[in-house]
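Subject: Structure for you to look at

Dear colleague,

Here is the structure I promised to pass on. Please open it first, and then read the notes below alongside it.

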Amino acid sequence: KTIKLFKQFIKGEITPTYEVVLKRLHMLLHKGKIRINTNILCVDECQDLSPVMVEITKLIKANYKIISGDMNQHIYSFLGAINAFEHIDCKIITFDK
């Protein structure tokens, strides 16, 4: 069923969901079909990213990557969200009161 739906998406027969668009972007970046190069990449709410969003963040080439979020507010795990701070190699700076 997934393959059939994906073929319909490619042909323009169905409107893709947000998740399908993200996965397609991931596939294009991973295969080197497209490149995203930027000076600064900012990603907020990193405590609740989908696994595909984490991989997209890793594949985007940027001189500086700023990821932000509150590690204590990881509330969307029931939707499959993961804490990107645990999956992206970065320096963590904490802000206290």
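The largest pocket holds about 470 Å³ of space. A pocket here is an open set of points on a 1 Å grid over the protein atoms alone, where a 1.4 Å probe fits, with protein on both sides within 12 Å along at least five of seven lines, and lining residues have an atom within 4 Å of a point. The volume is the space filled by probe spheres set on the points, which are joined across faces, edges and corners. Of the 16 lining residues of this largest pocket, Gly69, Phe85, Ile92, Ile93 and Thr94 are the closest to its centre.

Please keep in mind that this is a predicted model, in which local features need pLDDT of at least 70 and side-chain atom pairs count only at pLDDT 80 or more, while totals for chains, interfaces and linings use all residues. Residues are numbered from 1 along each chain as its sequence is written, and side-chain values use heavy atoms, with hydrogens and water left out.

The second largest pocket has a volume of about 200 Å³, and among its 13 lining residues Tyr18, Glu19, Ser50, Met53 and Leu79 lie nearest its centre.

A search of the whole structure also finds one aromatic pair. Tyr76 and Phe78 form this pair, with 6.0 Å from centre to centre and 40° between the planes, and the pair is tilted (rings of Phe, Tyr and Trp, the last by its six-membered ring, pair if their centres lie within 6.5 Å; planes under 30 degrees apart count as stacked, over 60 as edge-to-face and the rest as tilted). Phe78 is exposed, at 64% relative accessible area, whereas Tyr76 is partly exposed at 41% (buried means under 20%, exposed over 50% and partly exposed in between, with a 1.4 Å probe and protein chains only).

Best wishes
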